[in-house]
Amino acid sequence: MAAIATASLSTSAVVVRLSVAFRSRSRQTVATSSSFARHSISPISRTYHPATKPSDCLPTGELQLQRSSFCTGLASGTYHSRSLKPIAAAAGHASAFGSQGREGKEAKEGFWKGGQGEAGGGGEAEEAWEEMGDSVPAARVRLRQELYAPIEPHRSGTLAVSGVHTVYWEESGNPKGQPVIFLHGGPGGGTAPANRRFFDPAFFRIVLMDQRGAGRSTPHACLEENTTWDLVGDIETLRKHLGVDKWLVFGGSWGSTLSLVYAATHPDRVAGLILRGIFLLRRKEVEWFYQKGADSIFPDAFDKYREFIPKDEQHDLVAAYHKRLMNDSEPDQQVAAARHWTEWEMATSYLLPNEDSLKRGEDDKFALAFARIESHYFVNKGFLPSDSFLLDSVPKFKHIPAVIVQGRYDVVCPIVSAWELHKAWPEAEFKVVPDAGHSANERGIGEQLVAAMESFKLKLSR
């Protein structure tokens, strides 16, 4: 990794634009201080720099180092990771970075409008910063928050993971970059092209995998040999197949559950965890969403989900749905149950109604895998040995750098689970998005997930 730095000095701020060029696995990087050597993640401020405002910097897709007006001198440059001595740092005037000039103005306006693509909902974007160095006040990096442009995989395939199952996998981004695996939700949700957009394709080797029975994996919606522990084994099988030593693990909702189980089982293979919409798969979480709790917030959508089941079975809706979803002899009822189950979750995943999410419940193929696999896992308590298994397992992975992103108004996976995980694991950075629900495609959540990846990128560039 090499970094080339240029700087512009003004009366209000020092901005250092870092153009990071990946060169195989070289160790020449932007380094800052011994604080980066710590395992814990430095906090990202949720407020503006004390003496600055957004217009003080030209916001681009590059990393930016900023110091407020009361800083003296240029406190950052290009460093070699061994000597930590400056290699180059140039300072000078640059009017294009100020409030004058059409180019700088248009660049600023384009950035602050967001360019969120498929992400929706939310309010104004909040800035994310990373502390740089030990000086007071410290230089800080403004972290990118916009989704990256859509990309296509450069390699894909299928991998036989048992005598029954074959899983689909793909790679995109930098073939020699930092590996990161995306673990989708559900279980049974499968991956989508938009999942690649949280990651800088110039830096990350982006791996997506459809879990057993989901997406493009076969057999479709199959429950045989389909447990949490089978999926953990599949992640390891794929890691070895791809020749990866350690990787970042990124997962939301059920993906956060699977990420934590994997980290507890193979902590030596996890370079970092990026978690969203925490689901600890406890009985009270399943009952909240599928039986009693979320119905108080979405009574209209819940009525449709509940009334599909006869009244004498409504005391245990998960079991009633599971019975119908397992009944292959009545495919029409099976598909109808799958649609009702899936439509309930799709109707509650966003803070504000989202038509694209609602339409997913109308896709019978998707709904069948989603509902069958979810209900299969939930009636079996996630195949975990105890209700508190994940919280009990925190000591096994608490040393791993981690970021937790949680929507304040998440109805599917209420914030209380993320809060309890945060209390058990204070070493992990905890980010609450104040105007979001459950979906990673909500603007505020998407922004914080991208910022989390940018923070890891900065640290891993050492």
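I looked up Tyr-321 first: at 0% relative accessibility it counts as buried (under 20% relative accessible area; over 50% is exposed, in between is partly exposed, with a 1.4 Å probe and protein chains only). The model is predicted, so I kept in mind that local features need pLDDT of at least 70 and side-chain atom pairs pLDDT 80 or more, while totals for chains, interfaces and linings use all residues. Residues are numbered from 1 along each chain as its sequence is written, and side-chain values use heavy atoms, without hydrogens and water.

Entry: aromatic pairs. I found 25 aromatic pairs in the structure (rings of Phe, Tyr and Trp, the last by its six-membered ring, with centres within 6.5 Å; planes under 30 degrees apart are stacked, over 60 edge-to-face, the rest tilted). Tyr-290 and Tyr-305 make a tilted pair, because their ring centres are 6.4 Å apart and their planes stand at 55°. Tyr-290 belongs to helix H4 (residues 283-290) and Tyr-305 to helix H5 (residues 299-307), so this pair ties together parts 15 residues apart in sequence (helices are DSSP runs of H or I, at least four residues, and strands of E, at least two, numbered from the N terminus). Tyr-290 is buried at 4% relative accessible area, and Tyr-305 is buried at 1%.

I then took Tyr-321 with Trp-341, an edge-to-face pair with 5.6 Å between centres and 70° between planes. Tyr-321 is in helix H6 (residues 317-325) and Trp-341 in helix H7 (residues 331-348), 20 residues apart. Trp-341 is buried too, with a relative accessible area of 0%. Both residues belong to one aromatic cluster, which also includes Tyr-290, Tyr-305, Trp-344 and Phe-378.

Entry: H7. I checked the length of H7: its 18 residues should span 26 Å at 1.5 Å a residue, and the end C-alpha atoms are 26 Å apart, which agrees (expected span is 1.5 Å times one less than the number of residues). The buried residues of H7 pack against H4, H5, H6, helix H8 (355-360) and helix H9 (364-379). Outside four places in sequence, the contacts of Trp-341 include Val-318, Phe-370 and Glu-374 (heavy atoms within 4.5 Å).

Entry: core. I noted 77 residues in the largest nonpolar core, with Trp-341 and Trp-344 among those that touch the most other members (buried Ala, Val, Leu, Ile, Met, Phe, Trp, Tyr and Cys joined through side-chain atoms within 4.5 Å). H9 supplies the largest share of this core, 9 residues.
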